[in-house]
Amino acid sequence: MKNLFGLTLDELVAELEPLPKFRAKQIAAHIYKHGAKTFDEMNDLPKTLRAELATRYEIKAAELVTQLDSRDGLTTKFLLAFADGAAVEVVLMRHDYGNSVCISSQVGCQMGCKFCASTLNGLERNLTAAEMLGEIFFVADFLRRAGQKLDSVVVMGTGEPLMNFDALIKMLRLLHEDYCLGMSYRKVTISTCGVVPVIKKLRDEKIPVTLSISLHAPDDRLRSELMPINSAFGLKPLLAAVDDYAQSTGRRVTCEYILLGGVNDTEEHARRLAKILSGRLVNVNLIPFNPVDERSFRPPTKNAVQKFFHFLNTHGISATIRKEMGADVNAACGQLRAKQFNA
Ligand code: SF4
């Protein structure tokens, strides 16, 4: 049975021919605006049409496998499964400034970052645009039932989104459509470990999403140790791509910097980081490492975090410290899935 979830309006029109376009529009509204899961719910369609559609099509997004709520009530982590049984993690974060969902773009990841649990078994497969949208819809629906709404989307979960570019762009364009969630591009953040040529492709799409770079080290030697991608695209071309993206979109680029105790968190590292970022349209988001059972890194001390933060801010680099959310629900990417499947 063909799944209609994830089709654009044009695709729905083509798929449902010879039905008139207004029927496709009604069906799109039911799927995307009202979260319909069956044709029976589409009560402005004739009964005979509903019955006929149900013999040929289904509306399937993502199914819940496990849900974990943090004790402070601010973070909810979901493990969601797709038709083939592949599962990914999705995290809802309730910030002061609104509800944000962090979605995965791939099942597993091939990028090999040393501090990350998502990459331990490599890449299983890319997610489709419909599956990524399904993650977002699951959480939007969850919030709607609680009388709340989804305010922003971060593509920062498992996977490297720029290695699944076409599906990512299709999902973003659909998400932005009025007949879908109508999400402003400015409310979407794409995080990459630094696939430089694809950052340029993203710029050429002219969709002003916020770009977030996983930087994590202030020099090539340490960055290549932590992140194999750096051996292919070093800091110089990466920072040139950051400048280019910031200039083209007029949007500040976020540099994520995960603080690993004793590895990249000294004042000397802060000094070098300030030097390479000086004069650039960026801000730094410092992320104290969340311990991962499968990795041997340790968190930084509170003192080291504060010193690092203070150094950047007093040397002309705008920096924030990411509020620790959901440590009790294993919010670091890949941990829930790893536990479910390796248990
Ligand atoms: S940090 Fe992101 S890019 Fe790196 S291995 Fe993990 S999921 Fe992949």
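In which helix is Arg272 found? Arg272 belongs to helix 10, residues 267–277; helices (H or I, at least four residues) and strands (E, at least two) are DSSP runs numbered from the N terminus. The structure is a predicted model, in which local features need pLDDT of at least 70 and side-chain atom pairs count only at pLDDT 80 or more, while totals for chains, interfaces and linings use all residues. Residues are numbered from 1 along each chain as its sequence is written.

Arg272 is partly exposed, with 16 other C-beta atoms within 10 Å. On this scale a residue is buried if 20 or more other C-beta atoms lie within 10 Å of its own, exposed if 12 or fewer, and partly exposed in between, the C-beta atoms being placed from the backbone. Leaving aside neighbours within four places in sequence, Arg272 is in contact with Pro218 and Asp219; contact requires that the C-beta atoms of two residues, placed from the backbone, lie within 7 Å. Arg272 and Asp219 stand 53 residues apart along the chain, and their C-alpha atoms are separated by 7.6 Å.

The overall division of the chain comes next. The domain assignment gives domain 1 (2–58) and domain 2 (63–342), with bounds that come from an automatic or database domain assignment. The C-alpha centres of domain 1 and domain 2 lie 34 Å apart. Ten residues from domain 1 and eleven residues from domain 2 take part in the contact. On the side of domain 1 that touches domain 2, helix 2 (residues 21–33) gives the most, with four residues. By class, that side of domain 1 has five nonpolar, four polar and one charged residues. Here Ala, Val, Leu, Ile, Met, Phe, Trp, Tyr, Cys and Pro count as nonpolar, Asp, Glu, Lys and Arg as charged, and the others, Gly among them, as polar. In the loop between helix 1 (9–16) and helix 2 lies Pro18, and the peptide bond from Glu17 to Pro18 is cis, with omega near 10°.

Helix 4 has 17 residues and reaches 24 Å from its first C-alpha to its last, close to the 24 Å expected at 1.5 Å a residue; the expected span is 1.5 Å times one less than the number of residues. Helix 4 is mostly covered, with twelve of its 17 residues buried. The cover of these buried residues includes strand 4 (75–81), strand 5 (87–95), strand 9 and helix 5. Just after helix 4, Gly147 takes a positive phi of about 75°.

In helix 5, the buried residues are Ala167, Leu168, Met171, Leu172, Leu174 and Leu175. They lie on the same side of helix 5 because they cover an arc of only 165° around the axis, the arc being that of the directions from the helix axis to the C-beta atoms. What covers them includes strand 8 (123–126), helix 4 (129–145) and strand 10 (188–192).

The ligand has 13 residues around it, of which Cys109, Met111, Cys113, Cys116 and Thr119 come nearest; a residue is near a molecule or strand if its C-beta atom, placed from the backbone, lies within 6 Å of it. The shell around the ligand has six nonpolar, six polar and one charged residues.

Lys206 has a positive phi near 55° and is exposed, with 9 other C-beta atoms within 10 Å. His216 has a positive phi near 65°, but is buried, with 25 other C-beta atoms within 10 Å.
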